[in-house]
Amino acid sequence: MELILDKNKKKEHLYLEVFHYYRELIMEKKLPPGSRIPSLRKCSQELKLSRTTIENAYLQLAAEGYIISKAQSGYYVTDIADRQHTSVRKTEKHAQTPCRFDFASSGVDRESFRFDLWRRYIKSALRQDERLLSYGEPQGEADLRDTLADYVRERRNVLCSGEDIVIGAGIQSLLHILCPLLEQRQTVSFPNPSFVQGSTVFHDYGFQVDYRNKDCDIIYVSPAHMTKWGDIMPVSRRLELVNYSAAHGSLVIEDDFENEFVYLQKPTPSLFGLAGGQNVVYLGTFSRLLLPSIRISFMVLPPELSALYRKKADQYNQTASKAEQIALCQFIRDGHLAAQTRKLKRLYSVKLKALRSAVQEVFGKDSQIQTGAAGTSLALTLSTTLTWQELQKKAQTNGLRLQLLREAPGKITLILSCSSMPVADFVPACKLLKDISQIQN
């Protein structure tokens, strides 16, 4: 491609010709991402245009995301061509194939939640005119924190006061508050790389992120969700972790995700309770008990971190809806959260058994299934000559959403969730999965 300039055009329009010239080269990847474009001086000499004209064209390219300026180095092409191509491809894919069966969803069953009941509590909260005229308390509404202190004491043996609780819109927002309190620590260990949202926050704050390393300064665990198919950390292992962390001065972050959905054994005590509230941060959320869109989570801090937090609490804005906090507080006080927990435990226990039966009916009694004592998912290992990319592509084409756990030669292990899919869809969805996993290229 060659730039042919129309010298009869006004000077103020010449920069647009330069702009369109380079934009076309970038979008056609004739100038690939990361490549350096000519300097202002060199481009000015080659095109016999003023430096101002070239600079205006480059500034326009930078403003629209085609190039980026690096100090003392020059201008470089961004990956905008790749991103736009991917965006178009995703849009076309979703438009062509609506999802029929969703085994990958982390949503909830529509029948699990009483929208009419929650609507009444929201309307009641919205009638508290004077209270809603102000911003929410940075730490969370005091009445909700006190109610949560009673709730976790009764349910999880977490002994604390409302002053030790911090409320936020999701676990990730709480980690943004926690990380600055841990500046004396440098390393953090996660059970596996799957919790990207959590590890990303720690990485952004400069922590070294490891996996399954008990010698790190911080140990992040989900005792009720050790595996995606619902394995639970036994009491003996919990005691071992509590004692080890106390002896080595490490901090444990206990993400008690899905502790409510324990079917095949009695609920195990929280790490926070076993440690007597020392060296353990307790995290809880209501996204699984209520709705994922109700973004209210909470964090219980041990005494030393609670004192540090109170010194800087006013520096943070509350991220959770004040109206929803007011509604949730009364919802819990009236006993509806306890009733909701019992309802969901029965519902998901039945659905998980039905999903297992559907898998065995379609794939055979000897199919490789892994289930735990809790949760809303199971792991299924398929024998197939397809790669994960090939299987995923075929699944998407047929309106089936899947989640990969691991891949090995000739085998693909999937996580199948029962949470949002109707029971009536389990068998047809499994039949579709079996059909596409056996299709050869």
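Modeller: Take helix α2 (residues 40–47), whose buried residues are L40, C43, S44 and L47. Buried means under 20% relative accessible area with a 1.4 Å probe, counting protein chains only. Helices are DSSP runs of H or I with at least four residues, numbered from the N terminus. This is a predicted model, where local features need pLDDT of at least 70 and side-chain atom pairs count only at pLDDT 80 or more, while totals for chains, interfaces and linings use all residues. Residues are numbered from 1 along each chain as its sequence is written, and side-chain values use heavy atoms, without hydrogens and water.

Biologist: How are two packed helices described?

Modeller: By the angle between their axes and the distance between the axes. Here the axes of α8 (residues 171–178) and α9 (residues 196–204) come within 10 Å and cross at roughly 20°. That makes α8 roughly parallel to α9, a term for angles under 35 degrees. Axes are lines fitted to C-alpha atoms over the stretch in contact, with angles from 0 to 180 degrees between N-to-C directions.

Biologist: Which residues of α8 and α9 meet?

Modeller: Q172, L175 and H176 in α8 meet Q197, G198, V201 and F202 in α9, contact being heavy atoms within 4.5 Å.

Terms used
Helices (H or I, at least four residues) and strands (E, at least two) are DSSP runs, numbered from the N terminus. Angles under 35 degrees count as roughly parallel, over 145 as roughly antiparallel, 65 to 115 as roughly perpendicular and the rest as oblique. Buried means under 20% relative accessible area, exposed over 50%, partly exposed in between (1.4 Å probe, protein chains only).
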